[in-house]
Amino acid sequence: MLTELAVFFLLLLAVASIVDGGFAFTILYLFFGTALFGWLWARQTGKHIRFTRRFERRAFWGETIPVRIEIENSGLLPVPWLHLHESLPVDIAPEGPSQHVISLGPHGRSEVGYVLHGRKRGYYTIGPLFSTFGDVIGLARPQERGDSPDHMTVFPKIIPLTSLHLPSRSPHGTLRHHQPIFEDPSRILNKRDYVAGDSLRRVDWKATAATGRMQVKQYEPSIALETAIFLNLNEREYASMYRIDATELAIVIAASIANWVVLQKQSVGLVTNGIDPHLDGQLFVPPVPTRKGRAHLLHLLETLARLQPSDRTTLVEMLGRQSPNLPWGTTLVIVTGHVDEALFDELFQVQRRGQNVVVVLAGRAMNIKKALQQAEQFGLPMYAFQDEKALDLWRR
Amino acid sequence: MTNAPQAVPLDEGRPLLVARLLVVVMAVCFGFTVAEFAAWGFPGWPSGGIAVVCVLMATEAALTAWFLKERALPGIQAFAYRAGEWVILLLLLKLFSELHGGPQALWTNIRQWRQDFPIHLFNRDFVVNVLVAYATWQTCLLFTNTLLTMEKTYSEASSTVSQAISEQNQPLRVTLLRHLLVSGGFLVILGGAMLQTALLPPGRIVSGSWITTLIVVYFILGLILVGLTNFTALITFWRTNRVAVQKDLAGRWTILSIVFLVILIAAAVWLPTTYELGLLDTLGLFLRLLFGLVQLFYLVLLYLLSLANRAISSLFDNPGEPAPDISIIPPTASEVLPQVARQVTTPEFVKSLFFWAIFLGVLIFAFRQYLAANPELARALKRVGPLRWLGALWDWLKEAFQEVHQSVGGVIRRGVNRLRAGRKGSRDLRTWGYVNLRRLTPRQKVRFFYLALVRRGGETGLSRHDWQTPSEYAQTLESGIEAETDTVEAMTEAFLRARYSREEVSAVQARQSQGYWERLRRALRSWRAGKEEE
């Protein structure tokens, strides 16, 4: 289009030079002005447009996340049209339009928005926001600008568990236990008459004085549940046909267990052999130490949201490296898609170190029955869940 | 003011209808100019009523083009239709040509057909009328056909969402612009020829203002047409891509287009179309003016320095002895400007400056476009010695200018930052033990509320030990105020994020932290009250 214009301008100059054609200059000004000011207008628009994206950067699975984009024109020139095109991941893409066209006055502001759907856990890039703008006549080419993206985390799906029983040998916690060996002297359950054989340390002297009979304190057995979730995301240790579903299920199970443990006001940690795209260049995701509280749970969920399967480390290697660092009595919840002899041997060693082990098989695995029998032989509690619905076992 | 866009279906039919009307008016302007040229070239040609002919021909062309497009007649039928149409039009034009002299003239002409049919049928008046009418008709048809093709493309795009309308539309707009420039260029040549007094027969006067107005109006309408098609193309693209369009976009677009065109026309009319000074004179004068300004600045500086020097020397010299007069009176502009400046007035100089600047700008623009269209030529030119040196000189100048620009910009930026930092430092009231919450950033606010919690916790009896991490201190707090465990954790989490992460802390998060802090303060107060009662 500009080449045609250039030829036309030369013709006008020639006519104006040869004949007394002042009008040719007027026409030249009209077209040259339109092209020049159109270009300058679009350039100025590009300089003075500011975008601010507002949204919650963390969302739970299934939530809708409203995103607002504030657009501000800090220039004196109006913006006749501004086409905004947000580049969005398909997994959380909105159902409505994510492209908008607006017009702004001098120093004008506007706001556009769309709603993302947390359909799938993950760490998503929102943007970049591409904007196209130009003048009204259109002789100058529209200009484009790309603005920096933001990130958002969709936590994995959490299935609320109610009847999960994890073994523990850590005494003096907040969870009731049935074995008297875990009696907690700070939790007085009852008082009763003294019988021969009771330790004098248990005598409640105040109650004895008040009742006139020897009274002894009865303590409530309690345990502390310190849980470390070992999440196996080695893709070679999942059945190849169901790898994607099985690894996702494993993450859902890990998130649900972590949620349950935190709700019990107990501490939970995470060790995994998956990769975190957020940690560029790191071979391993650093283990998340066992801590209590909702803030810690959010930290765990964030890590789980970002995890991707890899084939770098096997579960056995991970267990051999990380389990010795855990304290005595810790409960190791192994979430994996595959069990074999090597794993059982390693788990047996873990048990011998005084740690508890629970194995959770996620997804469709081969020879589940055989695996269950082997686990029974080793004295390991093992659960197999083929899909999310099977988790109802822990919800009854 | 915020004005969120909604998914408003914009209709491109209305702008296209307006575009068709514009085309008819443009064709009439074209026909008028051709008629003026005919009247200039064929003295004695009766031009009365030709305006009506032009209007009718343009309307007819627009309507028949639309009719043929609607019917989608095959090639032969369309040709037959056009042939029949032109037979009727020629008959009507013949009637129009001969009826100038009344029915008697027509009858006389018809009787002459027996003697010399071609000469009397195609006499001068009739041929000129046909030429004018055909020019109008053809111009209208040219634009209308392009518009109809656009409409067809758009209607097809409406049913095919994934169609890349922008790619299809651009060549159509280029075609339209090409029609405008070619037909307009033809008009410019005609107008230029008519305005050439040397070509006029003695005693003839041509209304220059009427002709130039016609041509300029033609181009203005052409620009509006280009703008309309731009709008139509864009809204079609947005619709096919399901883009949510702001409700009042069309209205704003119209207003901005009108304002833009009015300003442009005013500027085009105001800007000089002739020059008083030649290019070299203007350039010389401009350079001398620049030199004069630099000299003036230098003299003013020197004058100020001499004043300062005199003031200082008066402190040390004998007060009874007068200081030597070293004052320099700045020269006036007329002294600085060379002789040639006195011969031309400032408006004339400014007009010439504008004129030559635009002239050179257009030439450079055209040359650049030509080189862009012919990259091989551009490469060959770069290999020519002197041009290569010129190019290298230009690059060096550009780099030097950019470096100067960057370094000066850097100095200014650093200075401004230093000033800002100084102002901030002077405003920092923490040295007075006072923090103005409103001046804190959201991140600072979150940290402030957490530190307030730590301080209040210490006062209440849940003090933080030096070795405790925020998470460990949270456990201490939770042991005291068990009912607010979640709030303590949320507060700690917010603090950790604000203190140790690079994530953006929003104002909403800061307000949330304030809410947590107020809640925990109440909890700590009631916990302490309970303790005191015990």
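Tyr383(A) is partly exposed in this predicted model, with a relative accessible area of 22%; the class lies between buried (under 20%) and exposed (over 50%), computed with a 1.4 Å probe on protein chains only. Phe385(A) is buried, at 1% relative accessibility. The structure holds 33 aromatic pairs over all chains. Tyr383(A) and Phe385(A) form one that is stacked, with 6.3 Å from centre to centre and 0° between the planes. Rings of Phe, Tyr and Trp (its six-membered ring) pair if their centres lie within 6.5 Å; planes under 30 degrees apart count as stacked, over 60 as edge-to-face and the rest as tilted.

One aromatic cluster draws on chains A and B. Chain A supplies Phe8(A), Phe9(A), Phe31(A) and Phe32(A). Chain B supplies Phe30(B), Phe186(B), Tyr218(B), Phe219(B) and Phe365(B). Phe8(A) and Phe9(A) are also among the buried residues of H1(A), as are Leu5(A), Leu12(A) and Leu13(A). Helix H1 of chain A covers residues 2-18. Its 17 residues should span 24 Å at 1.5 Å a residue, and its end C-alpha atoms are 24 Å apart, so the two agree. The expected span is 1.5 Å times one less than the number of residues.

Chain A has 8 helices and 19 strands, taken as DSSP runs (H or I, at least four residues, for helices; E, at least two, for strands) and numbered from the N terminus. Of its 396 residues, 53% are buried. Among contacts in chain A (heavy atoms within 4.5 Å) between residues at least 6 apart in sequence, 72% join residues at least 24 apart.

In chain B, helix H10 (residues 279-316) has 38 residues.

Arg306(A) sits over the face of Tyr123(A), 5.9 Å from the ring centre. Lys94(B) lies over the face of Phe126(B), at 5.2 Å. The criterion is NZ of Lys or CZ of Arg within 6 Å of the ring centre and within 35 degrees of the ring normal.

Residues are numbered from 1 along each chain as its sequence is written, and chains are lettered from A and ligands numbered from 1 in the order in which they are written. Local features need pLDDT of at least 70, side-chain atom pairs count only at pLDDT 80 or more, and totals for chains, interfaces and linings use all residues, while side-chain values use heavy atoms, with hydrogens and water left out.
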